[in-house]
Amino acid sequence: MIFGISEHEILSIVVTAILTIVTLMGSVIMAALMIPIERRLLGLWQDRYGPNRVGPFGSLQVVADMIKIFFKEDWIPPFADKAVFVIAPAIIMFTTLMAFAVIPFTESWTIANLNVGILFLLAMSSLGVYSVIFAGWSSDNKYALLGSMRTAAQMISYEVFMGLSLLGVVLLAGSFNLGDIVESQRGMWNVIPQFPAFVIFFIAGCAEIHRAPFDLPEAEQELTAGYHTEYSGMKFGMFFVGEYLGIVLISCLVTTLFFGGWLGPWLPGFVWFFLKAFFFMCFFILLRAATVRPRYDQLMAFGWKVLLPIALLNVAITGAIVVAQS
Amino acid sequence: METTFFIAGIVALAATLRTITCANPVHALLYLITSLLAVAIDFYALGAAFAATLEVVVYAGAVMVLFVFVVMMLNLNQETVTRERHWLRPKLWVGPSVFAAILLIAMVWSMTVGGAIGGIEGTPLSANAVGMALFGPYVLVVELAAFLLLAALVVAIHIGRDERNEARWKAEHGERETTQAGEQQ
Amino acid sequence: MKNAAQNAFSATSSVLRTIGMTFMHSFRKRDTILYPEEKPYLPPRYRGRIVLTRDPDGAERCVACNLCSVACPVDCISVVKTEDETGRWYPETFRINFSRCIYCGYCEDACPTYAIQLTPDFEMGEFDRQNMVYEKSDLLISGVGKRPGYNFYRVAGMSVGGKDKGQAENEAEPVDIKTLLP
């Protein structure tokens with residue numbers, strides 16, 4: 001007994017701390033790896049090579065870019081609101097990394113086995129909006145402000161559909177806990193009974209991390225770089241890595257919620273999880289290579305007129321079936 | 001759990017205090033968001049994990065975003081900050097804070113002497129229990145709230161609708177599906 | 001209602017088709033030429049590094065007429081004229097600032113003696129900007145370039161270097177203007 005804590009508790013604290021560090025490092029490294037993977041895959045699908053000079057298959061290009069970004073001048077514009085300007089990029093990293101805490105990578109590898117796991121995820125993704133809003137506002141720049149306005153509207157709207165699409169999964173599993181949801185998919189992956197929910201979740205997730213085709217907040221043709229126009233150096237790097245962390249997060253979530261997480265024959269659980277998540281990360285890149293950006297009003301109309309009714313219908317039908325079966 | 005509760009409580013108090021005293025409205029909103037997050041942690045420490053996350057999703061994540069949205073559009077500058085400072089003279093906030101202090105003393109007294117205070121245990125309250133309570137004993141309240149929200153929705157659509165604009169759009173584009181309505185959401 | 005369903009179907013299928021088509025590009029040949037290892041084909045009339053050529057006899061073709069310098073839209077050519085003892089013009093200095101040159105080829109068009117020519121070579125990178133200024137010694141090559149048999153003074157009706165008027169190729173004897181006889 002040390003300070004009134006038993007050895008058993010200390011052990012569990014140490015294990016959790018190690019798991020946390022491994023997950024943090026793993027997710028950030030995976031996000032960093034996504035950068036060369038995306039550039040190479042985009043090259044493949046556009047009939048070109050992408051970076052192929054630095055290191056084997058250009059894999060060290062990201063290291064070179066990082067060294068460059070570290071040594072760049074970390075400039076804060078004199079007209080910016082300094083405190084908010086500095087906090088903004090930290091928020092996106094914080095919220096995205098926090099969301100990784102509840103994801104069950106394997107049966108035993110979950111940092112925080114929360115009973116309200118899904119709600120925690122939604123909470124974190126809704127807090128992520130602040131990063132973009134504050135970045136745009138504190139930059140004191142028209143393009144940045146316009147970009148953050150768009151983001152605020154887009155993210156708040158699509159969060160609604162994201163939450164509604166998850167409710168069907170929650171109804172089937174009877175729990176908000178992500179581990180229980182994975183366990184409930186032993187017989188059949190959720191993607192089969194909940195296919196509309198899967199499509200809506202994927203689209204809403206894409207909009208939530210403002211990836212192409214929903215990258216209106218940073219549409220470079222009209223808004224220079226959107227909300228991070230004024231950012232440079234490591235602060236820009238945080239936005240950049242934050243976006244890729246978002247891809248990793250949404251891919252992990254799709255895997256967990258609709259594709260049976262770690263479940264799978266022969267291979268160990270983590271390998272299955274990784275393979276499934278990696279497939280969706282590549283699919284995000286394929287989406288970017290293939291699709292065009294919608295106009296802003298089209299985006300909103302599509303969300304409220306198409307996704308919302310389908311999501312509500314899905315919840316109603318799933319609920320009716322669950323009630324009828326029990 | 002007790003330590004978490006008190007730390008979060010202190011953070012919430014300090015952040016709320018700064019929300020009131022901060023001259024820059026956006027900074028004040030930032031403090032308000034921090035305060036809401038601290039309150040959410042307090043809920044969690046008390047065992048109401050469901051309420052805690054809903055607090056973050058609904059209040060910090062959606063309602064406050066709209067607040068920030070509006071404040072950002074107001075084009076505030078240094079002038080506003082100085083005016084705000086001018087308004088926040090001690091003479092003005094002494095009165096309200098005395099009354100607030102009296103309220104606080106009354107509350108603390110009723111909780112300690114009156115015996116309303118319980119231990120902070122953190123017994124988890126599941127979402128299931130919350131749902132059962134909402135649609136069991138409190139179903140009437142839920143229905144009333146639903147009525148209110150429906151009325152609000154209808155009013156919002158009515159106000160947000162620009163009939164002249166819609167007529168012009170229809171005249172220009174014929175009977176094609178209007179995409180304009182999306183913007184007014 | 002039917003129309004809306006049709007619209008939704010066609011929109012969805014078009015997006016899916018685009019994604020599929022983009023994915024099928026993974027099996028296509030890549031269009032990139034991996035440059036330093038694999039040189040691209042440059043046609044003979046490619047407009048690259050500028051050279052000064054010589055005529056088949058080995059003498060300089062340039063007559064320092066300055067037409068290239070005048071034609072140059074970015075003013076990157078500077079020529080200083082001089083004469084030899086036979087009265088033949090040639091450039092004392094011929095300087096091209098390649099950090100200004102836009103490789104438009106107007107100098108080549110303007111040249112009356114085919115002396116200045118653009119070649120299919122573009123690998124002229126330098127770390128020091130000053131090295132981009134090419135002097136006459138850097139420009140002058142010992143070949144004839146794109147016009148193998150051409151010698152300006154052999155076809156020009158000008159007495160120079162021992163060749164008198166009327167002695168050039170395809171040139172008639174000069175008319176004696178002081179007599180009426182043909």
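The structure is a predicted model. Chain A is in contact with chain B through 29 residues of chain A and 30 residues of chain B, and chain A also has a contact with chain C, which takes 13 residues from chain A and 15 residues from chain C.

**Chain A with chain B**

- The area buried between chain A and chain B is about 2600 Å², and carbon and sulfur atoms give 79% of that area.
- On the side of chain A, the three residues Tyr130(A), Trp137(A) and Met149(A) supply 22% of the area that this chain buries against chain B, which is more than any other three residues supply.
- Between chain A and chain B the count of salt bridges is zero.

**Chain A with chain C**

- About 1400 Å² is buried between chain A and chain C, with 59% of this area given by carbon and sulfur atoms.
- Of the area that chain A buries against chain C, 45% is supplied by Trp45(A), Asp47(A) and Tyr49(A), more than by any other three residues.
- The count between chain A and chain C is one salt bridge, and the side chains of Arg53(A) and Glu37(C) meet in a salt bridge with an N to O distance of 2.9 Å.

**Nonpolar cores**

- The largest nonpolar core has 118 residues, and those with the most contacts inside it are Phe100(A), Tyr130(A), Phe134(A), Tyr158(A), Leu257(A) and Phe258(A).
- Helix α4 of chain A, which covers residues 117-138, gives the most to this core, with 15 residues.

**A nonpolar patch on chain B**

- In soluble globular proteins, nonpolar side chains tend to be buried together.
- On chain B, however, a nonpolar surface patch of about 860 Å² is made by Leu134(B), Phe135(B), Tyr138(B), Val139(B), Leu140(B), Val141(B), Leu144(B) and Phe147(B).
- The elements of chain B that give two or more residues to this patch are α6 (127-135) and α7 (139-160), and α7(B) gives the most, with five residues.
- Leu140(B), which is found in helix α7 of chain B, has a relative accessible area of 62% and is therefore exposed, since exposed means over 50%.

Terms used. Residues numbered from 1 in each chain as written. Chains lettered and ligands numbered in written order. Predicted model: local features only at pLDDT ≥ 70, side-chain atom pairs only at ≥ 80, totals over all residues. Heavy atoms only, no water. Patch = residues over 30% accessible without salt bridge, like charges linked within 9 Å, V, L, I, M, F, W, Y side chains within 5 Å. Areas by Shrake-Rupley, 256 points an atom, 1.4 Å probe, with all protein chains shown as cover. Salt bridge = Lys/Arg side-chain N within 4 Å of Asp/Glu carboxyl O. Helix = DSSP H or I, 4+ residues; strand = E, 2+ residues; numbered from the N terminus. Buried < 20%, exposed > 50% of the residue type's maximum accessible area, 1.4 Å probe, protein only. Core = buried A, V, L, I, M, F, W, Y, C linked by side-chain atoms within 4.5 Å. Contact = heavy atoms within 4.5 Å. Buried area = accessible area lost by both parts, 1.4 Å probe.
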